[in-house]
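Please look over the sequence and the model shown below.

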Amino acid sequence: MTPTQDLQQGDVVLLTGMSGGGKSVAMHALEDAGYFCVDNLPAELLLDFLRLEQQRGERRVAIAVDVRSASSLPLMLPLLKELRAQGVAVRSVFLDANDDALMRRFSETRRPHPLREDRDVERTGQVQRTADESHRLLRDAIHLERELLGGLKAESTVIDTSQLRPAQLRAWLADLVGPNAGAKLTLVFESFAFKHGVPSDADFVFDVRVLPNPYYDRELRPLTGRDAPVAAYLAAQPEVGLMMGQIAGFLSRWLPNFAADQRSYLTVAIGCTGGQHRSVYLVEMLARQFGHHGHVLKRHRELDAR
């Protein structure tokens, strides 16, 4: 019997991602959800830790891994694949953010990036850097971190935290590891505004800016796609029904293939200009239409941020 063979029924979350991506917030959210959390566990100790947890009895565990353990990172990906091959249900979650967001967060907190070449001398104040030099060193560190974590990201569910408030991240993570998280494929519908950028965690992006816009109706402008008057307006537009039917048809055709390919998470992002009317309406309708699928989540990036 392998050391982890009995862990098949346990809940194990591997939390990784970019420094500044929100791991501290996520770990607190997992603790609140009843997980026993371990931060920065070296890969060499992973199997022993899981075996010990199995001996103690069933309890959900969350393990955070990042570039602070850079020397053991190459071991983590083979271990993750080994555990899954043994039937251990490990859900790997990668918290990402665009470079600008990460740069801003490090600037606001004034914390050194763990991969910055001069982080030790900078911390002691022995060297004074110009703003341009500090900016370059930080961006170089972020790019190196992306290279080191690329393999883990490819095997993980990715959450783009670039524009998420902490409360949003906590809510999204709670949905991800909630009671239905054991479903074979989690399907996420997310509305967004193109003017604020495309979510980097999207597997498919549909642009619905070509559809009639309720924004130009003075009475509908302050409402959202979740309000009945906006829904009635959009439901009466033939182009909206056609667009929604084509998106639904595409997903119905290919979802079984993604499930068969052992995908655990699929994000369908639908964007309009402001992320308030058209994209919200389509997400609401598609989430309802695919409710029979199993674990279906809906997110409204711009509305949730209010």
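Helix α4 holds both Glu 108 and Arg 104, which lie four residues apart, about one turn of the helix (helices being DSSP runs of H or I with at least four residues, and strands runs of E with at least two, numbered from the N terminus). This is a predicted model, in which local features need pLDDT of at least 70 and side-chain atom pairs count only at pLDDT 80 or more, while totals for chains, interfaces and linings use all residues. Residues are numbered from 1 along each chain as its sequence is written, and side-chain values use heavy atoms, with hydrogens and water left out.

The side chains of Glu 108 and Arg 104 meet in a salt bridge, a term for a side-chain nitrogen of Lys or Arg within 4 Å of a carboxyl oxygen of Asp or Glu. Asp 140 and Arg 136 are likewise four residues apart, in helix α6. The structure holds 14 salt bridges, including these:

| Pair | N to O distance |
|---|---|
| Glu 108 and Arg 104 | 3.9 Å |
| Asp 140 and Arg 136 | 3.5 Å |
| Arg 209 and Asp 207 | 2.7 Å |

Glu 108 is exposed, at 59% relative accessible area, whereas Arg 104 is partly exposed at 42%; here buried means under 20%, exposed over 50% and partly exposed in between (1.4 Å probe, protein chains only).
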